[in-house]
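Please open the model in your viewer and keep the selection panel at hand.

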There are 2 protein chains.
Amino acid sequence: MNQRLGKASMKPEEPVYILNSASIVGTKEGQGPLGLLFDKVGEDDMFGCETWEDAESTLQKDAVGLALDKAGLRPEDISFIFAGDLLGQSIATSFGISTYQIPLLGVYGACSTCGESLLLGTMSIAGGFAQKVVCVTSSHFASAEKEFRFPLEYGNQRPLSATWTVTGSGAFVLSAGQGASEANGTPGTKGTFARGKNGPRARITGMTVGKIVDFGLKDSMNMGACMAPAAASTLEEHFTDFASQPGDYDKIITGDLGKVGQRVLIDLLQKKGYDISEQHMDCGIEIFDGESQDTHAGGSGCGCSAVTLSAYILKQLEENNWKKVLFMPTGALLSKTSFNEGKSVPGIAHGLVIEAL
Amino acid sequence: MNQRLGKASMKPEEPVYILNSASIVGTKEGQGPLGLLFDKVGEDDMFGCETWEDAESTLQKDAVGLALDKAGLRPEDISFIFAGDLLGQSIATSFGISTYQIPLLGVYGACSTCGESLLLGTMSIAGGFAQKVVCVTSSHFASAEKEFRFPLEYGNQRPLSATWTVTGSGAFVLSAGQGASEANGTPGTKGTFARGKNGPRARITGMTVGKIVDFGLKDSMNMGACMAPAAASTLEEHFTDFASQPGDYDKIITGDLGKVGQRVLIDLLQKKGYDISEQHMDCGIEIFDGESQDTHAGGSGCGCSAVTLSAYILKQLEENNWKKVLFMPTGALLSKTSFNEGKSVPGIAHGLVIEAL
């Protein structure tokens, strides 16, 4: 039976499989440390479009198309698509994925959206409401700067605590165990199947839903510090709900805390009695070389954790370098209106336990 | 067993109960035809706040608090809250409900968000991942005008096809059957329990997830016409998936098509072979008296369908005036950026079968 665990966690009776996935990024991400791992790197950051927003929509569309191709599936094989992005009213999604005509459930959790979409997708499959779903999220440096700070043409200065929004989209095809076997043409018993060329890549075995945590910080140029308390809250809840310890995971992976947020998170958890300094990894720190790429504290955005999961984390799990990770994208719940009205920047973080097959 | 039905629908094995709910509205809604049915009507539309956005956050906060009170529950009794609004990055939610410290899953479906939140909440309970959840959505006339069109101070003219965004928030406590009995202090067998002072008010027995439908219309002052094709698409899918007919429902209720959208919807469905002219009702048409209140085509916004469901529709089901309705909030997936860049206004609509006890 599916289970609610503790105050905020869930454990599906059978794991839900990440059947396949795709990552598409911009030029800067292609030049970064993970550059060679992404499925596609754009020639320029317009992706053949006339606006930044359309470029981001194209990222989502292409990532979903590629993930379906890699899984050997067509849009009509998919029950639901869980999708979102950072733009006001999620327009990257609305104008990106409509062509697939898959029933859509739109999600918003700022940069935690990748985690939220995977969590809801897992819930729909484990709950018996779907066989296969797609989860997709995106961000784009230029559309995000315009949405949250200043248009690029303004040429504003960035403090060292600022992060650089990743241009990229990651799409994931989730599947029930049995369905996954069928899709692979590899008959298997429920919940188990042979690992084939077309996936699956890993399995989702647990989830923790975050709550809004607001320490009153107001600096939209230091979002790592704004989000770290939320990451700490979700992590502490996760350890309690699953009766687990940091050492139970090969990696504890946040989305986009960057270097400043990472220090805050490790400190906050130390005060709670958990030392995650050995296991902690942050997608935002991995995706850019801060020194040579002038990205300051690290990468950020919905796309950051999504493309890193698809290109790097799942690869490590496939190669059995890691057996079990806690993947926890982090989100900063601000808008330019809330910022201009002097509000704080609350954070949220959702966690998923992802295991090797 | 929970079931996926057809291409886009779901049927929970056991119904999920709407344990209780609350509606809070602004002054104009309080003066409308449903005015006396709402739980609370504000003295003015600032609700004691200094900005329109804070006023909308307060609406969500108060609606959730009141729904919990009416259900005799505390925030710690709730597994998850599914919430969203129309503002960029859903800030009405982020700054409204954080005080309850309930794990949050943020949703975005424009004015269909009320339907989407109830649908995902139902999924989480029917899937065995939660006993009780809260679903809340809001809109505010002034924050929405500022977000999508012009600040009120600009005094722009409104064509007759325009709708008037409802100032209001509706919150719903959903519960599994057994949990509902316990909460009421009325022991009952699984899935059944006595109807008590503290609810439940009705039960959710089916769901249909909409897809993005884009007829290429671009007029943000005629959103009814933009959304009607999406409503028609979801309705047709619903009738097919459930093998049902319009006559199987006492009412087929859209969210905020208004008078223009209603005509388009009825026409579109007639061409598909379904006559819904007798059953159709639109929350946007019910909530205002267009003649005396100068609201043109009708009410709109996430709050429109949410407060009408809580105050009016559930009341009709409780009083057995209606036995079974299809509640289908409709959303227009635009932003001011997409509008200014000359994009169309795609629509989406999600449907829920809600039945009397």
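The stops below begin with chain A, pass to the interface, and end in chain B.

This is a predicted model, in which local features need pLDDT of at least 70, side-chain atom pairs count only at pLDDT 80 or more, and totals for chains, interfaces and linings use all residues. Residues are numbered from 1 along each chain as its sequence is written, while chains are lettered from A and ligands numbered from 1 in the order in which they are written.

**Helices of chain A**

Select helix α4 of chain A, residues 113-126. Helices here are DSSP runs of H or I with at least four residues, strands are runs of E with at least two, and both are numbered from the N terminus. The 14 residues of α4(A) reach 20 Å from the first C-alpha to the last, close to the 20 Å expected at 1.5 Å a residue; the expected span is 1.5 Å times one less than the number of residues. Of these 14 residues, 14 are buried, so α4(A) is largely enclosed by the rest of the structure. A residue counts as buried if 20 or more other C-beta atoms lie within 10 Å of its own, as exposed if 12 or fewer do, and as partly exposed in between, with C-beta atoms placed from the backbone. Following α4(A) is G128(A), with a positive phi near 85°.

Next, select residues 223-241 of chain A, helix α7. Its 19 residues reach 27 Å between the first and last C-alpha, close to the expected 27 Å. Helix α7(A) is mostly covered, with 17 of its 19 residues buried. Just after α7(A), A243(A) has a positive phi of about 50°.

**A loop in chain A**

Move to Q101(A), in the loop between α3 (91-94) and β6 (104-106) of chain A. Most residues other than glycine have a negative phi. Q101(A), although not a glycine, has a positive phi of about 55°. Q101(A) counts as partly exposed because it has 15 C-beta neighbours inside 10 Å.

**Where the chains meet**

Display both chains. The contact takes 51 residues from chain A and 51 residues from chain B, where two residues are in contact if their C-beta atoms, placed from the backbone, lie within 7 Å. Which element of chain B gives the most to the side that touches chain A? That element is α4(B), with five residues. By class, this side of chain B has 25 nonpolar, 19 polar and seven charged residues. Ala, Val, Leu, Ile, Met, Phe, Trp, Tyr, Cys and Pro count as nonpolar, Asp, Glu, Lys and Arg as charged, and the others, Gly among them, as polar.

**Chain B**

Select S90(B), in the loop between β5 and α3 of chain B. S90(B) is a residue other than glycine with a positive phi, near 45°. S90(B) is buried, with 28 other C-beta atoms within 10 Å.

For contrast in setting, go to N156(B), in the loop between α5 (141-148) and β8 (164-165) of chain B. With 12 C-beta neighbours inside 10 Å, N156(B) counts as exposed. Leaving aside neighbours within four places in sequence, N156(B) is in contact with R149(B) and F150(B).

Finally, select G224(B), M227(B) and L235(B), which are among the residues of α7(B) that meet α8(B), where the partners include V260(B), V264(B) and L268(B).
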